[in-house]
Amino acid sequence: MHPATSPTADAPAARGHRTAPRRAGLLRRLTAAVLAVPLVLGAAACGDDDAGSDGKIEISIFWWGGDARAKLTEEALALYESKNPNVRFKKTWQANQGYFDKLATLTAGGDAPDIFQIDDNFLTEYASRNATLDLMPYKNEGKLDLSKFPESLWQYGVVDGKLAGVAFGENTQGLVYNKSLLAKHNLPEPKTGMSWEEFIAWAENVSKTTKIPGTMDPSADYKALWVWLRQQGKDLYKGKDLGFTVEDVTRWFELWKGARDRGATPTADVIHEGNATDITKQLVVTGKAATSFVWANQMPELKKNTTDELGVIAYPGDPSAQWARASMYFSVFRGSKHADVAVDVINFLANDPEAGKILGTDRGLPSNLEIRKAVEETVTDPAMKLSIQVENELGAKFGPSPQVPLKGHSKVRSELVKFAEEVQYGRQTPAQAAAAFVEACKAAIA
Amino acid sequence: MALTTAPAPTPPAKKSVRAAAKTRRPGRIRHGEGLAGYVFLSPWLLGLMGITAIPMLLSLYLSFTNYDILTDLSDVEWVGLENYRRMFTADPSYWHSVQVTVMFALIAVPLKLVAALGVALLLNRAWRGVGLFRGLFYLPSLLGGSVALAIVWVNMFNRDGAFNSFLGLFGIEGKPWVNDPEWALETLMVLAIWQFGAPMVIFLAGLKQVPTELYEAAAVDGAGRVRQFFRITLPMLSPVIFFNLVLETINGFQGFTAAFVLSNGTGGPVDSTLMYTLNLYITGFTELEMGYASAMAWVFLVAIALVTAVFFSTGRFWVHYSDGDGH
């Protein structure tokens with residue numbers, strides 16, 4: 001940054017004077033330098049002009065993701081710049097780990113980016129605290145075109161009647177399995193629609209034959225619990241309340257305790273490794289289990305971490321319990337000084353055919369159905385092709401979307417991991433852990 | 001600014017300067033020097049105010065509010081002692097994190113000091129290559145709270161990590177140390193103990209201060225090595241032990257990086273590595289309850305101050321300062 005340049009620029013000058021007889025001059029210079037440092041720092045702190053020296057409007061944009069996403073996003077933004085020469089982007093991106101810590105800190109400092117990527121974990125947290133701009137007026141005025149989006153998809157961005165984010169990509173739960181391993185041992189592949197009991201029996205058989213645990217134990221995974229609850233006619237949330245009871249969670253924990261006892265899953269410590277959300281740690285790619293419970297659009301990323309062939313189907317049970325979920329959103333910071341431009345950028349990224357082609361399916365299936373069709377016809381990556389195909393197949397069976405998770409959802413997720421692990425490590429019974437979990441959830445969403 | 005008030009010491013004007021200095025009123029000199037002092041202090045002072053003092057006072061204020069980071073500071077609600085009440089009466093995970101942290105400090109700090117003193121005693125001899133060993137033992141603590149080191153640790157103490165392979169040589173089946181709730185915290189303790197270099201160097205310096213004639217006199221009186229250690233080395237070293245104990249205890253309480261990396265920032269498995277500072281971080285930045293987290297930080301500050309005060313008040317019973325009249 002700027003301040004770093006001033007002391008280094010001064011250094012050669014000071015060295016030049018070392019031999020000079022005028023010590024007073026040197027002293028004065030030194031004092032000036034000492035005094036200058038805080039001044040420069042201060043000046044740098046106020047140097048964040050909105051319109052840069054070239055008179056352009058600067059829009060800051062922040063997202064999480066890997067190199068590939070960064071490249072595609074930068075390309076699409078460059079396209080916007082070429083069409084709108086008065087706009088310039090300040091792009092920041094980083095890995096998912098730590099992203100939300102940073103976003104929260106930036107927001108606290110009133111320094112949030114004009115546009116930021118967010119997911120359904122945090123959308124309600126931000127929306128209910130008025131950190132996001134309500135985009136509904138823009139939609140109604142036609143400045144933000146969501147007419148080509150599936151209805152349930154854009155509505156998955158509505159919190160308390162306000163449009164808090166624009167869904168960027170659609171995905172759904174996907175059970176990824178190691179095709180090569182099953183083929184090697186002549187084992188049948190799992191199929192969409194098999195019941196949980198059938199699936200666990202299948203996994204037990206895989207464990208026995210291959211000596212590799214048949215399935216990851218998803219009892220700590222909120223999305224697996226969520227699908228399972230919906231299959232029981234329940235839900236994760238209902239209005240401002242929990243949509244399930246202690247008995248439901250007890251049955252869920254018992255289902256997987258049974259699976260572990262039968263050897264269908266790995267041991268608790270390996271399950272713990274797989275409970276990390278990091279894609280590279282999913283057991284299906286680390287070779288520690290034959291399946292993992294993930295999001296279908298993560299297939300291409302998973303494939304990068306293994307040489308084995310992977311397959312993807314719906315989670316066990318009735319697939320109509322799954323839904324078209326917004327894999328992520330773009331939101332506008334309520335304090336943005338250029339909200340109109342920021343909305344226009346989001347509109348462009350979501351609806352411009354060229355931008356859509358550049359972005360591809362990196363964030364999930366494109367929300368705009370016309371662009372989705374165009375992208376599907378041109379995509380070449382086999383893993384991406386497969387995830388599109390599966391999502392489309394499942395799309396026909398999808399049930400209605402649930403409500404956007406409540407404030408406190410991230411705490412609910414971490415509490416589930418904690419109490420599911422209590423059972424996995426054998427430290428608590430399913431009933432004990434379920435009761436404690438429900439109590440913790442109630443506190444979290446209160 | 002400061003320099004303009006003090007006359008420049010140019011060589012030809014030497015005499016007149018001295019004369020001027022004689023006639024100058026002392027008050028003015030002090031005033032000028034004071035100002036110059038503050039000017040030179042200013043970078044540090046600004047840092048102290050801006051980075052430490054003001055944020056600390058702000059956090060004290062926030063600890064009585066429901067501040068959640070995302071809400072504007074002007075909109076926070078004053079909740080009085082609610083955060084403190086919740087912490088002490090209604091938050092089991094808070095007490096769990098206190099327990100984890102105290103356990104960590106109680107075990108890791110004494111063992112670390114014993115390791116540091118033991119190695120310092122070994123290295124306090126004059127034999128060839130001793131300098132090299134001093135450097136080698138000091139290395140781990142140079143790496144300090146580094147993320148890289150924590151990652152290495154996680155991989156070493158996995159189920160299929162290097163440590164278990166080593167145990168395998170002896171036919172012992174290891175545990176999934178870092179992924180086992182019974183052992184994860186112990187693994188962190190080992191990491192902390194292994195980094196005994198800093199107190200070791202301080203112990204070494206302390207050992208060199210012990211007068212050799214004391215040992216000679218003791219040897220003449222027939223005291224053995226063990227007796228010499230307990231009767232001479234330990235008492236003479238007690239100020240250094242005291243210093244290390246206070247410092248390492250505070251460090252131990254503040255352990256964060258390794259626990260954060262090992263558990264992916266969750267404090268897992270099953271909250272077994274949920275150190276106080278990690279819990280504070282999760283509360284503030286993940287769960288966005290910054291007001292509550294501020295209250296936790298202030299209780300932490302007071303607790304550390306109390307522990308330190310206890311050390312200082314008991315110190316006079318066992319710390320011997322050999323120089324001067326005090327014991």
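This is a short tour of the model, stop by stop, with something to select at each one.

The model is predicted, so local features need pLDDT of at least 70 and side-chain atom pairs count only at pLDDT 80 or more, while totals for chains, interfaces and linings use all residues. Residues are numbered from 1 along each chain as its sequence is written, with chains lettered from A and ligands numbered from 1 in the order in which they are written.

**Stop 1: the domains of chain A**

Select 57-170 + 325-393 of chain A for domain 1, then 173-322 + 408-445 for domain 2; such bounds come from an automatic or database domain assignment. The C-alpha centres of domain 1 and domain 2 of chain A are 29 Å apart. Where they meet, 14 residues of domain 1 are in contact with 11 residues of domain 2 (contact: C-beta atoms, placed from the backbone, within 7 Å). Now pick helix H18 (residues 382-395) of chain A, which gives six residues, the largest share of domain 1's side. Helices (H or I, at least four residues) and strands (E, at least two) are DSSP runs, numbered from the N terminus.

**Stop 2: a helix pair in chain B**

Move to chain B, which has 15 helices and zero strands. Show helix H5 (residues 92-123) and helix H9 (residues 184-194) of chain B: their axes come within 9 Å and cross at roughly 35°. Axes here are lines fitted to C-alpha atoms, for helices over the stretch in contact, and angles run from 0 to 180 degrees between N-to-C directions. To see the contact, select residues including B:Phe104, B:Ile107 and B:Leu111 on H5(B), and B:Leu185, B:Leu188 and B:Ala192 on H9(B).

**Stop 3: the core**

Keep B:Leu188 selected. Along with A:Ile346, B:Leu188 has the most contacts inside the largest nonpolar core, a set of 176 residues. A nonpolar core is a set of buried Ala, Val, Leu, Ile, Met, Phe, Trp, Tyr and Cys residues joined through C-beta atoms within 7 Å. H5(B) supplies the largest share of this core, 11 residues. Leaving out residues up to four places away in sequence, B:Leu188 touches B:Phe104, B:Ala258, B:Ala259, B:Leu262 and B:Thr273.

**Stop 4: B:Gln228**

Finish in helix H12 (residues 225-253) of chain B, where B:Gln228 lies. B:Gln228 is partly exposed because 15 other C-beta atoms lie within 10 Å (buried: 20 or more; exposed: 12 or fewer; partly exposed: in between; C-beta atoms are placed from the backbone). Its contacts, not counting residues up to four places away in sequence, are B:Tyr215, B:Ala218, B:Ala223 and B:Thr233.

Technical notes:
Contact = placed C-beta atoms within 7 Å.
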